[in-house]
Amino acid sequence: MSVLFDILGAVGMWEAMLRIGTPLILGTLGVLLCERVGVLNLGIEGIMTFGAMVGWLTVFSGADLWTGMLVAGLGGAAFGLLHALLTVPLGLSQHVTGLGITLFASSFSYYVFRLAIPTSSQPPTVEPFRPADIPVLSDIPFLGQVLFSQTGPTYLALVLVVVLAWVLYRTPLGLALRMAGENPHALDAQGIDPIRLRIGAIMAGSALMGMGGAFLTLAAFNSFFPTMVQGRGWICVALVVFASWKPARALLGALLFAFFDAFQLRLQTAVEGVPYQLFLMLPYLLSIVALIVMARRARVPQALMQPYRRGER
Amino acid sequence: MTRVLELTGITKRFGALAANEDVSLHLDRGEIVALLGENGAGKTTLMSILFGHYTADSGLVKVEGRELPPGRSRAAIQAGVGMVHQHFALAPNLTVLDNVMTGTERLWSPRSARAAGRAKLVALSERFGLRVDPDALVADLSVGECQRVEILKALYNDARILILDEPTAVLTAQEAEGLFATLRQMTAEGLSLIFISHKLHEVMSASDRVVVLRRGRVVAERRTAETSRAELAELMVGRKVERPARPPATPGKVLLEGVDLSLAGHGGASLHGVSFRLRAGETLGVIGVSGNGQTTLAGLVSGLYPPDAGELLVDGQAVRVFDVPHAIAAGIGRIPEDRNAEGTIGDMSTWENTVLERIWSPRFSRRGMVRRGAARRATEEIIRDYDVRGASVDGRIRLLSGGNMQKLILGRVLDAGPDILVAAQPSRGLDEGAIAGVHERLLEARGRGAGVLLISEDLDEVIGLSDRICAIVGGRLSPAIPADRADARMLGLMMAGDWSAAEQMERADAV
């Protein structure tokens, strides 16, 4: 038991939770935005990989870190546009298109990376984001260390949760976005073009996914390797269901998953004699349990995965 | 009178098909115009052009003297035209206020003016008597309430001209009456209305003027006061349509008997101690305002659910197993109330829908394999014999119009030669020509010796087809009276729960 208290009592554990959670928050918000307008985006795994690569490459070529994040966002948006064009005006199967984009974007990322960095046994590194203490607040004992001594992108992710929630529930645009995912015919009848709105939202959501990927190379690991996203994208897709398509709950879900992850990392070293793979499984197992508990009452967007064509019902 | 809307020379073609051909019509302030026509006459296309969903090949739309740019819904909304769609354009997961406010504010403004929106909605709903809770989820509303929300949506956009596409298609008779009272009140407030319909009685009772559309052309225009139902029917269909007359019945043995049946809950209203007898070669009509247990009664007789108490006897034998295969095997044919949800599977082909109910019979399958040849031949025969237009054996059934879908269902049911036919609201949503066709088939089945249990809320239909009529009220069934002694007034009383006359007749007959 004392091992548990040691782990849970350490600032590092909670600080790590937010750090591990950041790409998940960004990715989950991205999927959430896409699904809110009615489009499943299984391209996330590949889009995150591409964001990780292109963000890293930008910084490695001499640009500053925020430019790297921006380029990763734009790169994500570009793949989002591809996904949107295939699924919205053409109305192709969103599963197949999304998986195709994941496979394509992952391979393409590695290809570009190898073109830029032809040979190296040791992947080159960049100087990553450093924790930025927020004056005064970071001096609060414990909580200050956990919340206010993070890197810039983590703050950005937390702010984006609030921004997305505000946009969705407090602005005319958000109502139109939600309507696009519930009943695009109704939106069209009110004189707003669901096609354009959906394309725009998918691009914005994919930009968030790209930035989530870039966090991995620009704040967590400092270098790029092709398998680094490691299913985080899929977790985000599940977290959106867990969150019932609500931004605040998405934050909660991402942090919960990150908590399990940070926890098992520490358990691995604290508990001996148990194969570490068992601990690795823990967050995923607990995610499934949480999903069962939370998602049963979820209110799915009614037009999710239904292509919109004018005059057809 | 001020002319608020004018359509001139509208022509619209889809390929070789002319949906609208040189259509002109106008609307004055405070007027209710009915646009009458059969399914496929081009009514909805015309209104979609007016509302900017389609662009006309030629022709002009003028609202209050100003020309509308073609193909832009936004422009129509801003000019004060509101459309209430036949299939509601609502999002069930959102609140009433959300649904009403969508698209009414500048898209990029940083904050939605919810409080002002709510105040406006509440004011409108009070002014026009369209009561609805702004914070209720649309999913929790009844069909009638959903329609109120649709109308409020248009009014919220400051519509001065309202277009309603078959507004009563999904409403019960009572709700429809309420709707037309509301519409009349709206004209008093200066609104002008066009409603699309193929139902003669509501056109006669609710409009000031009727424009009749047939095969995309305006064939006539009449002041409602100066025309008659018969004239309109003929104008609409293009020939004289008469519902078939009922030949005298030759009732045989009792085929179906309900003894004190009770069932709670299923399909809405409960049944309480329902008893009836249906003989071979007769039609027993069950009349009632919908929601009084009709769906439950039809479901019980069709084998969907067992009764909580009481017995159902088929051919004198008490039914023990209540499921659909047993019901079909016992010779019960079913025409379900909702042909889209229960009668057919929209995305499956015509032949699959035709044989699905009897897929296990040796005629359509052998050793677990479907006999496609036999199934397709049977479907072709039904399409031919029942004149199902627009159907191909392999085409998806959802592409059929309501009338043709109903013909196919009739065909598939009657093809099996059922002894007992349960027909629930068999002509709901159909136009005059199609109704006559359905009635003919039902009379034919009766002539062949089948017992027909006709459940309907259409008085004319029940009086026209039934040999005996009973009313269903609050899950109870009145005594059956002979049709030749029934009239609209008496049935009205029975539907309202006054059964004294019916009971008297029953006692007199018993003596």
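Modeller: B:Ser262 sits opposite B:Ala309, a residue of β14(B). This is a predicted model: local features need pLDDT of at least 70, side-chain atom pairs count only at pLDDT 80 or more, and totals for chains, interfaces and linings use all residues. Residues are numbered from 1 along each chain as written, chains are lettered from A and ligands numbered from 1 in written order, and side-chain values use heavy atoms, without hydrogens or water.

Strand β11 (residues 254–263) of chain B pairs with β14 (residues 309–314) of chain B. Their pairing is antiparallel and spans 5 bridges. Pairing needs at least two DSSP bridges; strands (E, at least two residues) and helices (H or I, at least four) are DSSP runs numbered from the N terminus. The open sheet has 4 strands, ordered β12-β11-β14-β15 in chain B, with antiparallel pairing.

Elsewhere in chain B, B:Lys153 lies in helix α5 (residues 143–156). B:Lys153 is buried, at 6% relative accessible area; buried means under 20%, exposed over 50%, partly exposed in between (1.4 Å probe, protein chains only). Its side chain makes a polar contact of 3.1 Å with the side chain of B:Glu150. Such a contact is an N or O pair within 3.5 Å; within protein, one atom must be able to donate a hydrogen and the other to accept it, and sequence neighbours count only through two side-chain atoms. Leaving out residues up to four places away in sequence, B:Lys153 touches A:Ala186 and A:Gln190 in chain A. In chain B, B:Lys153 touches B:Ala89, B:Leu90, B:Asn99 and B:Val100.

Two charges sit over rings. B:Lys120 lies over the face of B:Tyr156, 4.6 Å from the ring centre. B:Arg441 places its charged end over the ring of B:Tyr386, at 4.0 Å from the centre. The criterion is NZ of Lys or CZ of Arg within 6 Å of the ring centre and within 35 degrees of the ring normal.

Terms used:
Contact = heavy atoms within 4.5 Å.
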